[in-house]
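Subject: Model for your files, with notes

Hello,

Here is the structure I said I would pass on. My notes come after it; please read them with the model open.

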Amino acid sequence: MKHAIMVIGYGDSAEVLQKTIKILDDENIDFFIHWDKKYKLPSLISKNSQIKFLHNRIAVKWGSGTLIKATVNLLKEVNKSKKRYDYVHLISSNDMPLMTADYFKDYFKKDIYIGFSNERQENNRNRLKYFYPNNIDFRKHPRIIGLITLLNKILKVNRVKKINNIEKGPEWFSIKSKYINEILSYNLSIFYHSNCADELVLPTIFRRFNNSEYKDGLDDSSQAARYIDWNRGNPYTFSIKDVNELKAVKNTKYAFARKINNELVITRVFDLQ
């Protein structure tokens with residue numbers, strides 16, 4: 001099996017990503033990296049994996065459609081590669097692997113590893129209902145966002161009148177590469193200029209997989225093969241004190257943990273020298 005790992009990278013997380021590459025360094029595992037335009041490109045090395053940085057970088061703004069655009073650009077880059085991949089995965093540069101390279105290559109069997117939450121349809125629809133500019137960071141400018149929301153309400157904007165069954169889950173996913181064209185051919189315009197719609201795109205496009213057989217009693221993070229803790233944080237950031245916890249789930253059903261605060265966590269979990 002050949003795997004393409006797509007990375008949304010930013011800030012000072014290059015050392016974490018370098019350790020991730022070291023763990024998964026393999027001729028059948030390559031890395032496609034979108035590094036936020038607001039930050040300098042890092043220098044990353046590997047022995048066996050190919051590392052490709054996207055040239056068409058954008059400045060990613062939290063909560064806006066820019067994260068979706070960065071993901072789409074990564075999918076396009078993988079799709080046009082001469083090397084044909086069996087699976088494609090999306091991670092952040094501050095996520096860490098929870099599988100060795102050999103275990104990772106043998107683990108994936110299903111068509112998709114996408115999370116589906118039990119969020120109310122009304123809440124999902126509200127994320128897409130109003131129109132927001134793409135160049136605003138929702139966390140940094142709450143007052144501006146509030147004013148834009150009020151203006152949308154006054155103008156009675158409703159962008160989802162003709163859309164049914166909007167699903168939600170983690171934006172991080174693993175899927176067979178044969179589904180890339182289905183994503184790229186979908187009318188993604190409704191997800192741009194919205195409020196935190198990155199968690200809606202894949203679950204909505206692949207909502208036909210949202211059934212009890214696929215869920216199998218798993219939470220939405222486990223469905224996506226991700227170890228994410230929403231009880232201790234938003235999400236919780238794993239640190240050195242959590243090494244034993246992470247070791248306990250290494251080489252199980254979780255491909256990646258989201259998220260960690262430094263590369264020493266990976267070093268300890270995998271007993272690197």
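The notes below go through the pocket, the salt bridges, the surface patch and some backbone details.

This is a predicted model, in which local features need pLDDT of at least 70 and side-chain atom pairs count only at pLDDT 80 or more, while totals for chains, interfaces and linings use all residues. Residues are numbered from 1 along each chain as its sequence is written, and side-chain values use heavy atoms, with hydrogens and water left out.

Pocket

The largest pocket has a volume of about 1,000 Å³. Its lining is made up of 35 residues, and Trp62, Gly63, Arg139, Glu171 and Arg258 are the ones nearest its centre. Sorted by class, the lining holds 14 charged, 13 nonpolar and 8 polar residues. Here Ala, Val, Leu, Ile, Met, Phe, Trp, Tyr, Cys and Pro count as nonpolar, Asp, Glu, Lys and Arg as charged, and the others, Gly among them, as polar.

On the terms: the search runs on a 1 Å grid over the protein atoms alone, and a pocket is an open set of points with protein on both sides within 12 Å along at least five of seven lines, where a cavity would be a set of points where a 1.4 Å probe fits but cannot get out. Lining residues have an atom within 4 Å of a point. Grid points are joined across faces, edges and corners, and the volume is the space filled by probe spheres set on the points.

Salt bridges

A salt bridge is a side-chain nitrogen of Lys or Arg within 4 Å of a carboxyl oxygen of Asp or Glu. By this rule there are 18 salt bridges. Asp229, Arg232, Lys241, Asp242 and Glu245 are linked in a network of them.

Asp242 lies in the loop between strand S8 (226–228) and helix H10 (243–248), and Arg232 is in the loop between S8 and H10, so the pair ties together parts that are 10 residues apart in sequence. Helices (H or I, at least four residues) and strands (E, at least two) are DSSP runs, numbered from the N terminus.

Arg232 also forms a salt bridge with Glu245, with the closest N and O atoms 2.9 Å apart. Glu245 lies in helix H10 and Arg232 in the loop between S8 and H10, so this pair ties together parts that are 13 residues apart in sequence.

Are these residues buried or exposed? Asp242 counts as buried, at 4% relative accessibility. Arg232 is partly exposed at 42%, and Glu245 is partly exposed at 25%. Buried means under 20% relative accessible area, exposed over 50%, and partly exposed in between (1.4 Å probe, protein chains only).

Another salt bridge joins Lys247 to Asp271, the closest N and O atoms being 3.1 Å apart. Lys247 lies in helix H10 and Asp271 in the segment after helix H11 (264–269), so the pair ties together parts that are 24 residues apart in sequence. Lys247 is partly exposed, at 32% relative accessibility.

Surface patch

Leu150, Leu151, Ile154 and Leu155 make a nonpolar surface patch of about 420 Å². Patches are made of residues with over 30% relative accessible area and no salt bridge; like charges are joined within 9 Å, and nonpolar side chains (Val, Leu, Ile, Met, Phe, Trp, Tyr) within 5 Å. Accessible areas come from the Shrake-Rupley method with a 1.4 Å probe, and for residues only the protein chains shown count as cover. Ile154 lies in helix H5 (residues 142–154) and counts as exposed, at 59% relative accessibility.

Backbone

Most residues other than glycine have a negative phi, and most peptide bonds are trans. The peptide bond from Asn234 to Pro235 is cis, with omega near -5°, and Pro235 lies in the loop between S8 and H10. Arg258 and Lys259 are also joined by a cis peptide bond, with omega about 0°. Lys259 lies in the loop between strand S9 (256–258) and H11.

Cys196 has a positive phi, near 55°. It is in the loop between helix H6 (180–185) and helix H7 (201–205) and counts as buried, at 15% relative accessibility. Asn251 has a positive phi of about 55°; Asn251 lies in the loop between H10 and S9.

Regards
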